[in-house]
Amino acid sequence: MSKRRFSSGWTALHIYGAAFLIFLYAPLALITVYSFNSNALNMAVWTGFTFDWYRTLFGMQPAGAAFDAAFTENPDRLLGVLRNSLIVALSASAISTVIGTATALATARYDFIGKRIYQALLFMPMIMPDIVLGIALLIFFVGVGFKLSLATIIIGHCTFLSSYVYIIVAARLAGMDNTLEVASADLGAGPVTTFRRVTLPLIMPGVIGGFLLAFIISLDDVVITYFIAGVDTQTLPLFILAMVRRGIRPQINALAVLLIMFSFVVASAGLYFRSRRN
Amino acid sequence: MAEGGTISSQRRKALFVLLTPITLLLGAFFLIPLGIMVVYSFLEPGLYGGVVWSFYPYNYGRIFGWPLGGGEEFEPLYIQIILNSLYYAALTVIVTLVVCYPVAFWVSRMGPMAKNIVLFAITLPFFANLLVRIYAWLLLLRPTGAVNTALMSLGLIDQPLNMIFTEFAVIVGLVYVLTPFMFLPIYASVERLDWSLVQASQDLGATPFQTFRRVILPLTAPGIAGGCVIVFIPALGNFIVPSFLGGSKVQMTGNVIERQFLQARNWPFGSTLAMIVMASVLLLVLAYTLWMRRAANNERLAGAGHV
Amino acid sequence: MRQVSEQEVLRVDGARKTFRTPESGVVTPLDGITLSIRNNEFLTLLGPSGCGKTTLLKTIAGFEELDEGEIFLEGRAMSAVPAHRRPFNTVFQNYALFPHMTVAGNVGYGLQVAGVKRGEETARVTDVLRLVGLSGLERRKPAQLSGGQQQRVALARALINRPRVLLLDESLSALDRKLRQSMQIELKNLQNTVGITFIFVTHDQEEALTMSDRIAVMDKGRILQLGTPAEIYDTPKNRFVAGFIGTSNIFSGTLAKDGGTSRVEIESGPAIAVTADGFAAGDKVDVMLRPEHFALASGRNGAGGSLEAVIENIVFVGTDLHLHGRLANGLPVVALERHARGAGALSLAPGQTVTLHYQATAPHLMKSQAV
């Protein structure tokens, strides 16, 4: 009797949990379905399967019924924006990985005056609301005469990505047995050799995971980029923002789906590396 | 000792190499910009954008009604918007908390395999582009959107429900975007919860509700507090969600700041509003840190007495 | 002083439970257990880990459900009663003290949730803390206590509700050896004072022998033997029980009867003279000889027998010498010799052949287990 009482609570929790997962994924699934719907006028009504929205995204003419030219994007612009986004995300995450890892090594392996201040400071960019960081950087760059460009975006991203990498790598270092490093030194290896042969291989999954997650956060960043991109530099999220502001059109769905898929693949790899044990 | 000297100078060199990059990065591109922003909030806006370098506290007067001067007038609208933002952020915290708490228990009671899969599934949407996630709700909630179309074709309603550009839409959007931030810290504390304590409570005669209130809730409180803080902060400063889902009807402080910078070009006033957001955030984080430190101190004190 | 009566307080009737685990398929921690627990007794469930003893305790407490069978408290079926309404309290293996409450908060918890008035609660908390010797520590948090003190808080917390039965789940195993031994005696004394039925789960046979009125030896979800410590020690039912409790020499063989005398023929080895009531010639049997049943000097009368063994190792443990040797056929044997100051014991050395004498009543016969 009480067995049934226990399991009925468990069943309710299962239903609740499933509903939660549906809540998380239904909106993304909806965009995906819409992106294949040939109905150009009302996405909510299914009129047939099409690749047209993906084709127009790359400047190809729709294969189906004739459409207004407005449905076709300029492929050069999209490719340019994509190139910008990749340059920013790769540079910013690479720089942040180096800086974040170096900082994690310092706080994990050394005691120094002001260590707690550093640790607190590293949390600040993550808790600072994006809009505050965005406008502060905007005022700064304009004030000191930096021309808003890809470079300012990269610098801006580094300020908060370094903290993400730091936290991931520091967590890995904390879980690592530092007697291994002592053992290496005991066997006659110098600090550089110890780092290269012992420490680095051991924290490598954390470093790779940090890099991939930083990459995807950079690629997806809207708010900070929005303020420091300047007028003639666009990244992919800003491009989408502009598209949505011009009005909801079906090829936004196609672009959104491509972006989701890409983010999911990179983030999955990042999460995998972050959680991997030696 | 010569040897000790070598080691400590080596150590200093290593620390210098490791810490210089982060010091330069956060010093030059985080602390200084924030400092300049603070300075800007006390400067006079120039006529066509830009600033006049004179002490000008009246940006604050425009918001709080004091000090006034320099032609600034008290505009209660801004207090209203700030209070609204606090209210939306608080509501978002409450909803995400209520949504995530049972899910954390659901996941924590799973087998290791299922647990990993579900945790992954819950974390993943966080990495989907923010705009795309909000845009999806635009597709769901607008008059010709999926929800209205479904309800009308089922015959449940005749007229589309007015959901988009409402408080409801903004809260749904904020909840959707920030749910992972609430879930992860709560889950961490639920996972750490020692189930023998729950059994002990039952064993001593506590009803399920008493067990929840007196054992489970206090022991998962750190996770709840952490989740609340890290949901509240991005909710408070958000401007993408209200601008997509709130339209012109629902405004948050973030929207006003954005307009001051990119349209009105009154940077000092925008900085003042940003200062208020930043100050609220710092106060909240400070309170949280002090609370956590007190708890940790208690534990350390306790640990010292452990034999 | 408490009186153990024959009156039954708790009855486990045909308890059966199976789990399905992802790794090893089906596990049966309770395979048809029937057990009657007497009022005010100290009953120990003893067995190796995985024998089902903790599962049995948890089903009594109400944390787990039985697949089949029933638990009766004074004739009343318990399966429909949730854990928080059962008049049993548990001392958990890790104590499960609420880390966010003080000692007084932990101990008073059961009274608070039952709605007992503040004044009475304070008085009873003070009383029970005095009983376990923790007066003055009311305001401490559990983490500020030593292991032994935590153990006492857990005891006090479980006792304050005046349960019909107190369940103790490996409650001493987290303590170090010295503390464990003194707690064993204290726990026994405490039970004498409060007069509550104790069901104690342990894998430690020494603990079981020290404290229990009766011991139930369990293995693979079954009770192999239920009896007083002396019964279990002297007359184990089978090889498993004999091996689990104390040190023993167990030899397998065939019973042979020869007029008035019986002996067990060990394969390619010596015969052991036994008294064999209830066994027939030709039975496959196990014969047990405790190490202390051997003596290097032969007995006053000739009744009994002896075994020749080569000493391989001598272990000095203070009061005794443990002689580890081998019989001619290679079987290991352990004998115990009281340590006496003087030359007698010291003259023993590895490699030496000794004669181990035993009394006729010493060997204990058990039915051979079909393995």
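Hi everyone, thanks for coming. Please keep in mind that this is a predicted model.

Let's start with chain C. Here we have an open sheet of 6 strands, and reading across it the order is β6-β7-β8-β3-β9-β10, with mixed pairing. Which strands stand at the edges? They are β6 (88-91) and β10 (222-227) of chain C; each has a single partner strand, so one side of each is left without a neighbour in the sheet. On average, neighbouring strands in this sheet are turned by 20° against each other, ignoring direction.

Now look at the β10 end. Strand β9 of chain C, residues 214-219, pairs with β10(C) in the antiparallel sense, over 5 bridges.

Let's move to chains A and B. In this interface, 79 residues of chain A are in contact with 77 residues of chain B. The area buried between the two chains is about 7,000 Å², and carbon and sulfur atoms give 83% of that. How many salt bridges are there between chain A and chain B? The count is 0, while 10 residue pairs are in polar contact. On the chain A side, helix α1 (residues 2-35) gives the largest share, with 16 residues. By class, that side has 65 nonpolar, 9 polar and 5 charged residues.

How values were computed
Residues numbered from 1 in each chain as written. Chains lettered and ligands numbered in written order. Predicted model: local features only at pLDDT ≥ 70, side-chain atom pairs only at ≥ 80, totals over all residues. Heavy atoms only, no water. Pairing = 2+ DSSP bridges. Helix = DSSP H or I, 4+ residues; strand = E, 2+ residues; numbered from the N terminus. Axes fitted to C-alpha atoms, helices over the stretch in contact; angles between N-to-C directions. Contact = heavy atoms within 4.5 Å. Buried area = accessible area lost by both parts, 1.4 Å probe. Salt bridge = Lys/Arg side-chain N within 4 Å of Asp/Glu carboxyl O. Polar contact = N/O pair within 3.5 Å; in protein donor to acceptor, adjacent residues only side chain to side chain. Nonpolar A, V, L, I, M, F, W, Y, C, P; charged D, E, K, R; others polar.
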